[in-house]
Amino acid sequence: MNLPLDAEMLLRFALLWLAIVPTPGANSLMVTHLAMTRPAIDVTRAIAGNVAGVALLASCALLGWAAAINALPWLRLAVQFLGGSYLVYFGWRLIARSIRTPTAEQTAPTGTTTTQPGHRTFALGFFTALSNTQAIVFITSIYAATGILKANLATGLASIAIIIAFNGSYLAMLGWMFQRQHVRDLYSRFRWVFELAIGILFVVLGGRLLLNELAIWRS
């Protein structure tokens, strides 16, 4: 069966998603930190994992999982607690590293870092994307606003391809920018400041997820 794409609907979705992509969040923070501290291959793997995670969230939104999450408060609390806790844990690790006595690894030039196992950096990107499972509800609202929820399967899959292309391109641009040598040199001089700031932002993002969900649960 040939299912034609709804080009007009996809254009509306693409324009709206293009405005959403640059919004600061855990994904862009994760890529920024990796770009200034790890080799390019690690950044590439993390971006691949992150885009895979976002594509999974978009697929869940397309399948109507937002309704299931909203209908089952315990499920929503569980997924938000896990996601928020992950962000807080990742942020706290950066904060702890920034305030302890500098080690040889911290003071070494940024270009001397070695790559991490591929599955670790891929998983970092993947689980950072999944940490905000409430994004399923957000993506569902965008799908509803643009009509994607009522579109045929081909148009729905094309919308996921748009998300993958836009998110991947934006994160790749961030990675390229923050891997420039003068940026990495600046980072190496003030590493503890950057890690402290990025760690605090992760803790704030994760804490906000936890507090918002607890407020909903108690109401």
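The model is predicted. The protein has 11 helices and 0 strands. It has 219 residues, of which 42% count as buried.

**Overall make-up**

- Along the sequence, the pattern reads α-α-α-α-α-α-α-α-α-α-α.
- Among contacts in the protein with a separation of 6 or more, 90% come from residues 24 or more positions apart.

**Helices H3 and H7**

- Two packed helices are described by the angle between their axes and the distance between the axes.
- Helix H3 spans residues 40–62, and helix H7 spans residues 118–130. The two pack at an angle of about 35°. Their axes lie 7 Å apart.
- The crossing of H3 past H7 is right-handed.
- On the H3 side, the contact is made by Asp42, Arg45, Ala46, Ala48, Gly49, Asn50, Ala52, Gly53, Val54, Leu56 and Leu57.
- On the H7 side, the residues are Gly118, Thr121, Phe122, Gly125, Phe126, Thr128, Ala129 and Leu130.
- By class, the contact has 10 nonpolar, 7 polar and 2 charged residues.

**Helix H9**

- Helix H9 covers residues 153–178, a run of 26 residues. From first C-alpha to last, H9 reaches 38 Å. That is close to the 38 Å expected at 1.5 Å a residue.

**Gly83 in helix H5**

- Gly83 lies in helix H5, which runs over residues 73–99.
- Gly83 counts as buried because its relative accessible area is 4%, and the cut-off for buried is under 20%.
- Leaving aside neighbours within four places in sequence, Gly83 is in contact with Ser131 and Leu209.
- Gly83 and Leu130 are 47 residues apart along the chain, yet their C-alpha atoms are separated by 6.8 Å. Leu130 is also one of the H7 residues in the contact with H3.

**Thr146 in helix H8**

- Thr146 belongs to helix H8, residues 135–146.
- Thr146 is buried too, at 5% relative accessibility.
- The Thr146 side chain reaches the backbone oxygen of Ile142 at 2.8 Å.
- Not counting residues up to four places away in sequence, Thr146 touches Met9, Arg12, Phe13 and Leu16.

Technical notes:
Residues are numbered from 1 along each chain as its sequence is written. This is a predicted model: local features need pLDDT of at least 70, side-chain atom pairs count only at pLDDT 80 or more; totals for chains, interfaces and linings use all residues. Side-chain values use heavy atoms; hydrogens and water are left out. Axes are lines fitted to C-alpha atoms, for helices over the stretch in contact, and angles run from 0 to 180 degrees between N-to-C directions. Helices (H or I, at least four residues) and strands (E, at least two) are DSSP runs, numbered from the N terminus. A crossing is left-handed if the near helix is turned anticlockwise from the far one by less than a right angle, and right-handed if clockwise. Contact means heavy atoms within 4.5 Å. Ala, Val, Leu, Ile, Met, Phe, Trp, Tyr, Cys and Pro count as nonpolar, Asp, Glu, Lys and Arg as charged, and the others, Gly among them, as polar. Buried means under 20% relative accessible area, exposed over 50%, partly exposed in between (1.4 Å probe, protein chains only). The expected span of a helix is 1.5 Å times one less than its number of residues. A polar contact is a pair of N or O atoms within 3.5 Å; within protein, one must be able to donate a hydrogen and the other to accept it, and residues adjacent in sequence count only if both atoms are side-chain atoms.
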